[in-house]
Amino acid sequence: MMEQLLEYSILPLTLFGITAIQALGLQLILGGAGLLSLGHAAFYAVGGYSAAAFTVYAAPYLGLSQPLLLMLISLLVGAGSALLAGLIVAVPCLRLQGDYLAMATLGFAEIIGTALKNIDAIGGTRGFTGIPKLSSLPWVFSVLALVWWALARFNRTGLGLAIRATRDDEIAARSLGINTYATKLSAFLLGSAIAGLAGALYVHALQFISPDEADFSRSVVIVLAVVIGGMTSLFGSVLGALILVAVPEVLRFAPDVIREQRMIYFALIVIFVMLFSPKGLQSLVLRLARRHQKNESSSLGRRLGGAG
Amino acid sequence: MFDLIQYLVDGLAVGSVYALIALGYSMVFGVLQLVNFAHGELFMVGAYFVMYAISLGLPWPVALGLGMCFVGLFAVAMERLCYKPLRGAGKLAPLITAVGLSLLLQNLVQAILGPNPQSYPARVPEGKLSQFFGQYLPDPSQLQIPHLPDGLFDWNDLVIRHRDLMIFTIAVFVTLGLELFLRKTRPGRGIRALALQPNAAKLVGVPFDFTISMTFFIGAALAVVAGLLQGMADNQVTPYMGISSGLKAFAAAVLGGIGVIPGALLGGLVLGIAERLLVGYDLSTYKDGAAFFILIIVLLLRPQGLLGKARMVKV
């Protein structure tokens, strides 16, 4: 029984880890730089397909077979290709005012989806199969931890601060000598590269990827995760990913009427979060935790005879 | 060469529907600099509303009028409840809210009316709703369902279907009417003043909230016209038509020059023709990517669109 439960939970946990990595990448773009990418899943799919193409086609040609080395290189390939794809979209759009980036990333995702369906060497509409199993749950969670840690460090560097300064007030940031175009571009590229990492992990864990992964609905799920969790914090993105992966699993036992309408709840929560609590559910969790802490410390204070 | 002309003509009808949706994107973007991401869903809701109203036995002009009012008021309510509180909160918050609204509408319609395409005369899907409404829906066999004209002009093998011509004519007249409204009437000039310089417009007494509500109302009403035309031309309405046509219409608005009324028409027509050409030359698998390919090329080469003027952003 226990063993079955463990075996059953591997897939949802892997998906949670991968969604969390995607969400962390988008958090940097959305919460950090204040740019909306509606094609995040496409960058993820580009990373995944490139990494898979590397291990299936390029690796035997290069004579690489050591799994650890192969996985590391394919992670680099995934991140690098997603970064290049990001460069193509972001360079024209970030020069413009307005919400063009959101629509152009969306359009780019459609193009990527269309292209993936039409390339036969990587499976076309049938999807890319026959990818060796190189990554697993420990890989996914190690990369998640590494990305989380690295982003937390990055946010405190000069560039990390410049990105948030640009988001808060572009004109003020420019007057401080920040190259706002370069900071926005670097946030977008870094976020896309992280999505590519997630793609490389996904294809080598599930040994399969289809053009559906570049679909608009997948990109929306990542936006939902980041916004619902709270787009101003890294913890919020991971929390959001957890909510989005866990809710369908929990609702598995609920009646059909409730289960099938989960996108309606998510949409309502997003509108609610934007209107009333822009910091997302993460702030709620932290507030509860803090109240708990306060209660503890006040009872401790009373015991010590302090003012409490 | 001859095929080419035929495809150009065929593309006009598809493009006209994009153009009617694009007008709404363009107007709202003009006054608020907001991409009303949920605009495509208004087109979808409108298409359903009109289809059900006609299936209830209402004559089509009444159904269309009711649909325009209902969806228009719905858009006004949406703006008041969801976008207005976020004014001054930057551009990101209303945009994300709009994505949420789009998702909500699409899934609500899917939950209530079912995910499958519906055609004339519409039926309520099986279930409790069907028992409740079933008694009110008239017998489909007795219903006079209006449809677009069937005939065609045949002119040296160049075939023009009457209905394509009709859709194109409607789109051109609606665009002309809108342009006249914006130039000649007082409320129309109010919209243009807000788009040009919001603070100065407020100073000279343009009612801000009313004008914005009106912009949303008109945009939504035009989307309902597009919904009726598309629903009749394809004889099919689905919960997903809003997202696909809506996004292409946005691309059309950007292509023509967002905020420019004739630009929306031009952009829609160019896009419709481009898609028809791809289908004609056996590249139909690339059809859905074409709009966005054009969008990215336009953003690269001429971000203000075909008919737009580059505007300096003042600090």
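Tutor: What follows goes through the labels, each set against its cut-off. Keep in mind that this is a predicted model.

Student: What makes up chain B, by helices and strands?

Tutor: Chain B has twelve helices and two strands. In sequence order the pattern is α-α-α-α-α-β-β-α-α-α-α-α-α-α.

Student: How do you know that strand 1 and strand 2 of chain B pair?

Tutor: Pairing needs at least two bridges. Strand 1 (residues 152-155) and strand 2 (residues 158-161) of chain B are joined by four bridges, so they pair by that rule. The two strands run antiparallel. B:Phe153 stands opposite B:Ile160 of strand 2.

Student: Which residue in that hairpin takes a positive phi?

Tutor: B:Asn156, with phi near 50 degrees. The hairpin has two residues between the strands.

Student: What is the handedness of the crossing?

Tutor: Helix 11 of chain B passes helix 12 of chain B in a right-handed crossing. From helix 11, the contact uses B:Leu271, B:Ala274, B:Glu275, B:Leu278 and B:Val279. Helix 12 gives B:Lys287, B:Ala290, B:Ala291 and B:Ile294.

Student: What classes of residue make that contact?

Tutor: Seven nonpolar, no polar and two charged residues. Glu and Lys count as charged, so B:Glu275 and B:Lys287 belong to that class.

Student: How much of chain B is buried?

Tutor: Buried residues make up 48% of its 315 residues.

Student: What share of the contacts in chain B joins residues 24 or more positions apart?

Tutor: 75%, counted among contacts with a separation of 6 or more.

Student: How many residues of chain A and chain B are in contact?

Tutor: 34 residues of chain A are in contact with 35 residues of chain B. Helix 4 of chain A gives the largest share of the chain A side, twelve residues. By class, that side has 24 nonpolar, seven polar and three charged residues.

Methods
Residues numbered from 1 in each chain as written. Chains lettered and ligands numbered in written order. Predicted model: local features only at pLDDT ≥ 70, side-chain atom pairs only at ≥ 80, totals over all residues. Left-handed = near helix turned anticlockwise from the far one by under 90°. Contact = placed C-beta atoms within 7 Å. Buried ≥ 20, exposed ≤ 12 C-beta atoms within 10 Å, placed from the backbone.
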